[in-house]
Amino acid sequence: MRHSAIDLNVDACTSCVICARECPVWCITIDAHHESVPSSDVRRPRTVAVLDEFTIDWGLCMYCGMCIESCPFDALSWSDKRVPDSASRTDLVSVWGLDGER
């Protein structure tokens, strides 16, 4: 049985990791770094998380949609594409990078 894939809108993702924490099987991994944001308040420098890599392991995913429901920025959605059949466990991992490509 093939399932609908989950898609990531890289531009909407803030690397808050809420989706990864809400996932019951921990199939989502997020790597990010922090960058300083120019601010007029010198006493309190501001930083934001910048997404480096977003990974979903389809071999672990239950396709429950908890990650989609929990994302406050609508960065995750169901895709029209399907998770491909595979004989290899390593082929069941989707990785999005800074370029937005999977």
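Helices (H or I, at least four residues) and strands (E, at least two) are DSSP runs, numbered from the N terminus. The structure is a predicted model, in which local features need pLDDT of at least 70, side-chain atom pairs count only at pLDDT 80 or more, and totals for chains, interfaces and linings use all residues. Residues are numbered from 1 along each chain as its sequence is written, and side-chain values use heavy atoms, with hydrogens and water left out.

Thr-55 lies in strand β3, residues 46-57. Thr-55 is buried, at a relative accessible area of 13%; buried means under 20%, exposed over 50% and partly exposed in between, with a 1.4 Å probe and protein chains only. Beyond four places in sequence, the contacts of Thr-55 (heavy atoms within 4.5 Å) are Cys-27, Ile-28, Thr-29, Val-93, Ser-94 and Val-95. With the same exclusion of neighbours within four places, Ile-28 touches Cys-19, Ala-20, Phe-54, Thr-55, Ile-56 and Cys-67.

On a 1 Å grid over the protein atoms alone, a cavity is a set of points where a 1.4 Å probe fits but cannot get out, and lining residues have an atom within 4 Å of a point. Grid points are joined across faces, edges and corners, and a volume is the space filled by probe spheres set on the points. The whole structure contains 2 cavities of 30 Å³ or more.

| Cavity | Volume | Lining |
|---|---|---|
| Largest | about 80 Å³ | 16 residues |

Nearest the centre of the largest cavity are Cys-13, Cys-16, Cys-19, Cys-71 and Ala-75.

Terms used:
1 Å grid on protein atoms, 1.4 Å probe; cavity = no way out; pocket = protein on both sides within 12 Å on 5 of 7 lines; lining within 4 Å.
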